[in-house]
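I set out to record what I looked up in this structure, entry by entry. The coordinates come first, and my notes follow them.

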Amino acid sequence: MRVLLPLLFATLLWGEKWSMVIDRSCEPPKQEMLQNIYLKKQRFSGTCRLVPLNLSAKNPMRAYVMNSILKMSHTSWNYYYNEMHFKGVDPPKTVDSPEAMLKYLLRIKGAIGYIPSHLVDDRFYVVLEFSL
């Protein structure tokens, strides 16, 4: 049963459009900056302090974002942030669902994250659109 639930969830996501977004009060970063933003090597876009967000590791969309957009495996991500921990750098905040991500994106200036495209409205700049 544990294997079937993620598989079912991934099947439901297949083909659904998603968007990497940031609130309109910030200058939208370029797509090629996303890896550095999520690795916390780039902390600002214009004058806006960036707050990258991830879905939980159990969410198939996170694996897609990690592999296809950020170009990192789960193992390399963990290794990087284990090393960065000793430098006082924590990984991006993790939220449990797209709905929680949306709430965080709306509350925190500079938050950047990914949500289903049907949730995107004029409060956001779309940095990147993608689908599983």
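**Basis.** I worked from a predicted model, in which local features need pLDDT of at least 70 and side-chain atom pairs count only at pLDDT 80 or more, while totals for chains, interfaces and linings use all residues. Residues are numbered from 1 along each chain as its sequence is written, and side-chain values use heavy atoms, with hydrogens and water left out.

**Sheet.** I took helices (H or I, at least four residues) and strands (E, at least two) as DSSP runs, numbered from the N terminus. I counted two strands as paired if DSSP finds at least two bridges between them. In which order do the 5 strands of the open sheet run? I read the order as β5-β4-β6-β1-β7, with mixed pairing. The edge strands are β5 (93-95) and β7 (124-131), each of which pairs on one side only. From one strand to the next, the twist averages 30°; for axes I used lines fitted to C-alpha atoms, for helices over the stretch in contact, and angles run from 0 to 180 degrees between N-to-C directions.

I then looked at β4 (residues 51-55) and β6 (residues 111-116), which run parallel and are joined by 2 bridges. Pro52 has Ile112 as its bridge partner in β6.

**Helix α5.** I found α5 (residues 98-107) lying across β1 (17-23), β4, β5, β6 and β7, at about 145° to β6. Which residues of α5 are buried? They are Pro98, Met101, Leu102, Tyr104 and Leu105. These residues cover an arc of only 165° around the axis, so they sit on the same side of α5; the arc is that of the directions from the helix axis to the C-beta atoms. I noted the general rule that an α-helix has 3.6 residues a turn, so residues three or four places apart point the same way. The buried residues of α5 pack against β1, β4, β5, β6 and β7, contact being heavy atoms within 4.5 Å. On the other side of α5, Lys103 and Arg107 are exposed.

**Helix α3.** In α3 (residues 60-69), I list Pro60, Met61, Arg62, Val65, Met66 and Ile69 as buried. What caps the N-terminal end of α3? Asn59 does, with a side-chain oxygen 2.8 Å from the backbone nitrogen of Met61. I located Asn59 in the loop between β4 and α3, and at 7% relative accessibility Asn59 counts as buried.

**Positive phi.** Just after α3, Lys71 takes a positive phi of about 60°. Lys71 lies in the loop between α3 and α4 (74-85) and is exposed, with a relative accessible area of 60%. Lys40 also has a positive phi of about 60° although it is not a glycine. I placed Lys40 in the loop between α2 (34-38) and β2 (44-45); Lys40 is partly exposed, at 22% relative accessible area.

**Aromatic rings.** I paired rings of Phe, Tyr and Trp (its six-membered ring) if their centres lie within 6.5 Å, calling planes under 30 degrees apart stacked, over 60 edge-to-face and the rest tilted. By this rule I count 4 aromatic pairs. Tyr80 and Tyr81 form an edge-to-face pair, 4.9 Å centre to centre with 90° between the planes. Both Tyr80 and Tyr81 are buried, and ring pairs link Trp77, Tyr80 and Tyr81 into a cluster.

Key:
Buried means under 20% relative accessible area, exposed over 50%, partly exposed in between (1.4 Å probe, protein chains only). A polar contact is a pair of N or O atoms within 3.5 Å; within protein, one must be able to donate a hydrogen and the other to accept it, and residues adjacent in sequence count only if both atoms are side-chain atoms.
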